[in-house]
Structures are given as structure tokens and as C-alpha cells.
Amino acid sequence: MSEPKITKQEFALVAAYLSAGVSRQMSKDQMRVYYDTLCDLPNELLQMAARRAIQEQKENFLPSVAAIRGYASELANGMLPTAASEWELVRAAVRRFGYPQKSEALATFRPLTRAAVDSVGWDVICASESIATQAAQFRMAYEGAANREVSMRRISQELRPRIAVGPRMTPRIEDRAEVLKLVNNFADGLTPAIGVQDEDQETVSASTSGTNRSGSNGRPVAANPEGNKANGQQDRAGRSGR
């Protein structure tokens with residue numbers, strides 16, 4: 001957890017302001033949670049966000065932590081431009097720079113706008129005969145990136161999602177020996193089952209190959225050579241008797 005930028009005494013005044021604004025008293029548990037999730041905001045910024053929250057609150061409920069952090073983010077960073085206003089800048093850059101001066105054109109855009117243009121393709125925008133299609137694609141790309149940016153701004157630094165470098169293959173278990181034991185037990189449990197299955201398949205295969213052959217009298221001949229010989233003698237004895 002990052003170092004608090006507001007003391008508990010300072011936060012108590014903000015909490016009292018919020019409670020008075022909606023005529024609802026904060027419980028001790030609420031006080032702890034609100035302080036824990038808002039203490040990374042400077043006192044002055046938190047006070048202004050609390051004032052904004054009371055002005056925006058339409059019902060007599062305490063403003064949520066997310067709402068207060070959202071107002072604080074807007075006060076500190078400002079609101080992002082709309083997709084429509086940024087698209088107009090893109091169209092103006094197309095007329096000014098054209099296809100050959102892509103790098104010069106991209107340098108004039110904000111990071112979110114640049115990312116949205118890259119998503120659609122600068123060459124596609126410049127060469128398009130149906131600009132409405134590219135406008136819709138740009139709007140979707142820009143608004144998606146803007147929503148992610150707004151969400152990230154609201155979250156405290158230590159809780160923001162991080163991009164994984166690669167898949168985590170190491171199990172989250174302290175005792176590695178316990179992991180190896182589980183793996184070995186699992187493997188030992190599989191081995192007998194595999195052996196039985198293979199033996200059963202061989203038995204079935206052998207019996208099937210034996211019953212697929214038939215003698216002169218049409219009866220199946222066993223796979224055993226001795227048995228086959230005996231069956232042949234019985235057939236000959238029967239024919240001589242007739």
C-alpha cells in the first residue's frame with residue numbers, strides 16, 4: 001500500500017462532510033474502508049471531489065468510493081475529448097499532410113487519438129472512398145481506449161492492472177515438494193490403468209483374430225494351434241463315419 005497522503009483526522013472531516021450532505025452517518029467499518037481506498041488522494045483534491053459528489057448525488061445515500069475517485073480523476077486530469085471532436089482533427093490532418101507525411105500527422109494527435117488512427121490505418125483513412133466506415137471504426141477504437149484510460153485513472157497506482165510479460169507457469173504454492181508429490185501420485189495412479197487397458201486390448205484382439213477363422217464345417221476355429229489340429233481330426237472322423 002502506498003503512503004497515505006491524508007491523515008485520519010483530515011479524512012474524518014471529509015467523512016463528516018459527506019455524511020451531513022446526505023443525512024447518513026458513516027459506520028466505523030465504512031470509515032475504515034473509505035479511508036483505506038481514498039487515502040492516496042491529496043487532502044485538497046479529496047475535499048473537492050467530496051463536494052462534487054454531494055452536488056451530483058440525487059438520493060440520500062453515501063457516494064460510493066468509485067464515484068468519489070472518478071470525480072477526483074476528472075478534477076486532476078480533466079475530461080477526455082470526445083471521439084467526434086478528435087475525428088475532426090484527424091480529417092483536418094488528412095487534408096493538411098496527406099498519405100506521404102504520416103509521421104508528421106501522427107505527431108499532432110493525442111496518444112489515444114494516435115492509437116485509434118493506427119487501429120484503423122492511416123493509409124486506409126487517406127484512401128477511403130466511404131469515410132463514414134472509417135469514422136465508425138475510429139469512434140469504436142477511440143471510445144474503447146478512452147474508457148480503459150478513464151478506468152485506469154480512477155484506480156490507485158498499486159492496484160492498477162499490469163500487463164503480464166508471459167504465462168505464469170510456476171504454481172502459487174509455497175512448498176514445491178508438495179507439488180512434486182501431487183504430480184507423482186497422479187502419475188502413479190495413471191500407470192496401472194494404462195497397463196490394464198493395453199492388456200485388455202491385446203486379449204480382445206487375440207480372441208477376435210481367432211474367432212474370425214472358420215473350419216471346413218463352418219464352425220469357428222480357436223486361435224490355439226493344438227485346438228485347431230484336434231478340430232481337424234474330429235472333422236475327418238466324422239466324414240469317414242458317413
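Guide: Ala145 has a relative accessible area of 13%, which is under 20%, so Ala145 counts as buried. The model shown here is a predicted one. Ala145 sits in helix α9, which covers residues 131–154. Thr113 is 32 residues away from Ala145 in sequence, and their C-alpha atoms are 9.0 Å apart in space.

Now to the salt bridges. Side chains of opposite charge can pair when their charged atoms come close. The whole structure holds 6 salt bridges. One of them joins the side chains of Arg69 and Asp40, at 2.8 Å from N to O. This pair links distant parts of the chain, 29 residues apart: Arg69 belongs to helix α4 (residues 65–77), and Asp40 to the loop between α2 (28–38) and α3 (43–56). Both Arg69 and Asp40 are buried.

Another salt bridge pairs Arg52 with Glu56, with 3.0 Å between the closest N and O atoms. Both residues lie in helix α3, 4 residues apart, or about one turn of the helix. Arg52 is partly exposed, at 25% relative accessible area, and Glu56 is partly exposed at 38%. Arg52 and Glu56 also belong to a network of salt bridges that includes Glu74.

A further salt bridge connects the side chains of Arg110 and Glu86, at 2.7 Å from N to O. Here too the pair links distant parts of the chain, 24 residues apart: Arg110 is in the loop between α6 (102–106) and α7 (111–120), and Glu86 is in helix α5 (residues 83–97). Arg110 is partly exposed, with a relative accessible area of 44%, whereas Glu86 is buried at 2%.

Terms used: Residues are numbered from 1 along each chain as its sequence is written. This is a predicted model: local features need pLDDT of at least 70, side-chain atom pairs count only at pLDDT 80 or more; totals for chains, interfaces and linings use all residues. Side-chain values use heavy atoms; hydrogens and water are left out. Helices (H or I, at least four residues) and strands (E, at least two) are DSSP runs, numbered from the N terminus. Buried means under 20% relative accessible area, exposed over 50%, partly exposed in between (1.4 Å probe, protein chains only). A salt bridge is a side-chain nitrogen of Lys or Arg within 4 Å of a carboxyl oxygen of Asp or Glu.
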